[in-house]
Amino acid sequence: MRRSTRARRSSGNARSKRVLAVVGTLAVFGGIVAVTQISSAQDRRTTTRAASASCVPASPGATAPDGQGSTTRTWQNGRWVRNHWGDGQMSPAECQQTTAGGAGAPTVACPDVRGRLPQVPGRARAEVDRELAALTSQIAEANRRLAAEGRNGGEFIDNAILGPLADKRTAALNRIATAIGRFAQRPQGLDQFARCALTDVPRNGGGQNGGGQNGGNNGGQTGGPTGSPTGGNNGGGNNNGGGQNNGGGNGLNVLAKDCSGSQLQGHDGFQNGNRCVSTAFGEVGAAANNPSLLITQFPNQVRRNQPFTLRVTTKNLVRDRFLAAGQGGYYLESSLLNGEGLVRGHFHTACRMLGSTRQPPNPQDVPAFFVATEDGRGGNQPDDVLIQIPGLAQSGVAQCAVWAGDGSHRIPMMERANQTPAIDVVRIRVN
């Protein structure tokens, strides 16, 4: 995997930041693919934190399980699926590195194997433990080579470090499957855990996204469609203001169409309320092209802390656009369509525990699980993505929801008011 870096500028200047983190795996034996998740090394995303921001403990459900990075990826059906935990909110460790201006060295991160094995027969335990220890040693050796020779570049890392490591892991995983298979059913799909990738400690992401580009014009440089009012005219009267739409109100008593008369502070791309958003809505597709999705597989009941899987099937959602909300991309970019008239964006998954099924839950409470997912796939045909929930700690009724988002996390617009938004919800009993 290639690392994209920028030369360090003089002290005090902003540094570019790119998050590249790995981990998170899932295995479902007997036919469902195993998955691991990470951000694309070829994606260049400027990130930001306000100058006065400080590192605070992440909210529950806002970061990846086990303290992983803000972005991970999984291998599913021949493509990488990127999961953005907390919509790109940095973990405490990432935040400390960023605010300190650190440039930590990358390391190798591989899917966990021990925690995803079926029950190991007693007579196979010693052999399986030896192979698990060998997997750990292989990672340590790869990290030593990476520290010594990683400067030779991404192609060298892929060919000389990650490639041989995958081969060694494949052999060890096959030996584990064989050992278990002598005394019980042989586990299937373990070779899916052979792939490893690099973690990358982010660098400070100041000026480009936190200053002029992300501030006053609220999205002037975010890549809106040609001719769209997402740039300098996005904060005032030219943003679909008066006079351009049949007199400005279609004969209705429209109270406001932009922020020119608002007393609230302008929205700056971060997740704050009591703000006024001037970013133009952007492009809306034809009804037949509007996004739709469904949770097509889910358990009715799970145990506390038991991992489980949701299968999400989307249609008319091109999952290739994600501006990290936790890094200043919230409500920042206008909605965009691709050349086929389909919304470009991603989708979200969240599970929250319901204190009651007779009263609505508190809207401000953070969920027990939350992630945003993009993978560069999706089109006008149904397409599946697997979301692995690492387990819910509280007993009760969990409400798990998925919903589509455009590049800046709004539910995509629809041609007509009587269309159902791209959202689905299931309830799962947690015992």
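User: What handedness does the link of Cys 110 and Cys 196 have?
Analyst: This is a predicted model, in which local features need pLDDT of at least 70, side-chain atom pairs count only at pLDDT 80 or more, and totals for chains, interfaces and linings use all residues. Residues are numbered from 1 along each chain as its sequence is written, and side-chain values use heavy atoms, with hydrogens and water left out. The angle about the S-S bond is 110 degrees, and the link of Cys 110 and Cys 196 is right-handed.

User: How many residues apart in sequence are the parts that Cys 110 and Cys 196 tie together?
Analyst: The two form a disulfide, meaning a pair of cysteine sulfur atoms within 2.5 Å. Helices (H or I, at least four residues) and strands (E, at least two) are DSSP runs, numbered from the N terminus. Cys 110 sits in the loop between strand S5 (107-109) and helix H2 (125-149), and Cys 196 in the loop between helix H3 (154-181) and strand S6 (197-199), so the separation of the parts tied together is 86 residues.

User: Are Cys 259 and Cys 276 buried or exposed?
Analyst: A disulfide joins Cys 259 to Cys 276, S to S 2.0 Å. Buried means under 20% relative accessible area, exposed over 50%, and partly exposed in between (1.4 Å probe, protein chains only). By that criterion, both Cys 259 and Cys 276 are buried.

User: Which strands hold Cys 351 and Cys 400?
Analyst: The sulfur atoms of Cys 351 and Cys 400 are joined in a disulfide at 2.1 Å. The torsion about this S-S bond is about 110 degrees, so the disulfide is right-handed. Cys 351 lies in strand S13 (residues 343-354) and Cys 400 in strand S16 (residues 396-406).
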